[in-house]
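Let's take a quick tour of one predicted model. Have the sequence and the 3D view ready, and follow along.

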Protein chains: 2
Amino acid sequence: MYDIENSIGFLISKVYQRGFGIFKDELERYDLTPQQFGLLAFLWIEDGLSQTVLSQKTQIDRTTIGGLIDRLEKLGLVGRLPHPEDRRAYRICLTDRGTDLEKELCAIAAGVTQKFLAPITPEEQTVLRTILKKLRTSQEGTP
Amino acid sequence: MYDIENSIGFLISKVYQRGFGIFKDELERYDLTPQQFGLLAFLWIEDGLSQTVLSQKTQIDRTTIGGLIDRLEKLGLVGRLPHPEDRRAYRICLTDRGTDLEKELCAIAAGVTQKFLAPITPEEQTVLRTILKKLRTSQEGTP
DNA sequence: TTCAAATTGACAGCATGCTGACTATTTGTA
DNA sequence: TACAAATAGTCAGCATGCTGTCAATTTGAA
């Protein structure tokens, strides 16, 4: 009998679901999803990158990121500018509105994080972060 | 600036993605997804329940579980039997084939778990499980 | 230089997860 | 009993995430 209730994979999926749900509710009035926020967070660090580079940095599938950008574009938060060195590619850039939202959205994210992590102590948060970073290992071998 | 690379929410989503991907690859030859395995794992504990009860036990949305059962039904692993006390409901039951797959699929799940958790020690696994259980808290208040 | 191979982004197709609306049925109350 | 409210399951619609395929373009090697 598989003890699914105590399996780490199952628990991660449910914890992920809970966090996602909390975040989703808070972002509702911006018409944004947690994934869209995630992409914006990378763009606030550096924009003007191509979709492929963004896909690698964010570890979001390159076909998925196309749709994400479509929707952020519709919301007027990012734009696709022509790439000066490659006519196949775009430079994905924040609009003024996309840039301006940083402070407001980050405050919301901080609130969500607090609510989400309320059940555990700050020490446990540190331990969890450390363990998760180890588990994130993606491309090992298979070149 | 939001340090998304070190935020627990982002890390959980990527760790979840990695685990899901490993599991998905291993289940490919059965035409099953990790979610379908998860539902089967609950059915191996107890079947004959209604979709709503299953939805509550598994914390899978009731509309999502309908589709999951559709596909498991097509694969011949579960069946929808009439509910003796409620003509609106079904009893979701494993077929012989669904029952027989338990051992084989659980062995695969064990292998996936091992591969997935390889980057951390058994002690860390215990700590992680404990923390995740605390973070799973779902319905607190709002009755 | 030329042309095959690789790359960029788009699209179709499928599964999951959620919302909201709908039908059929059951429950609980006046 | 009669009828409103609640419940079981379905469906449409949307976002994410992935696979596979395709056209346009760039790259690299003969």
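Start with the cysteines: over all chains, the number of disulfides comes to zero, where a disulfide is a pair of cysteine sulfur atoms within 2.5 Å. This is a predicted model, where local features need pLDDT of at least 70, side-chain atom pairs count only at pLDDT 80 or more, and totals for chains, interfaces and linings use all residues. Residues are numbered from 1 along each chain as its sequence is written, chains are lettered from A and ligands numbered from 1 in the order in which they are written, and side-chain values use heavy atoms, leaving out hydrogens and water.

**Cysteines**
- The closest cysteine sulfur to that of Cys93(A) is in Cys106(A), 19 Å away, which is too far for a bond.
- Cys93(A) is buried, at a relative accessible area of 10% (buried is under 20%, exposed over 50%, partly exposed in between, with a 1.4 Å probe and protein chains only).
- Cys106(A) counts as buried too, with 15% relative accessibility.

**Helix α6 of chain A**
- Helix α6 covers residues 122–135 of chain A (helices are DSSP runs of H or I, at least four residues, numbered from the N terminus).
- Glu124(A), Leu128(A), Ile131(A), Leu132(A) and Leu135(A) are buried in α6(A).
- Looking down the axis of α6(A), its buried residues fall within an arc of 100°, so they line one face of the helix (the arc is that of the directions from the helix axis to the C-beta atoms).
- Pro122(A) and Glu123(A), on the other side of α6(A), are exposed.

**Partners in chain B**
- The buried residues of α6(A) pack against α1 (8–27), α5 (96–117) and α6 (122–135) of chain B (contact means heavy atoms within 4.5 Å).

Notes. Helices (H or I, at least four residues) and strands (E, at least two) are DSSP runs, numbered from the N terminus. The expected span of a helix is 1.5 Å times one less than its number of residues.
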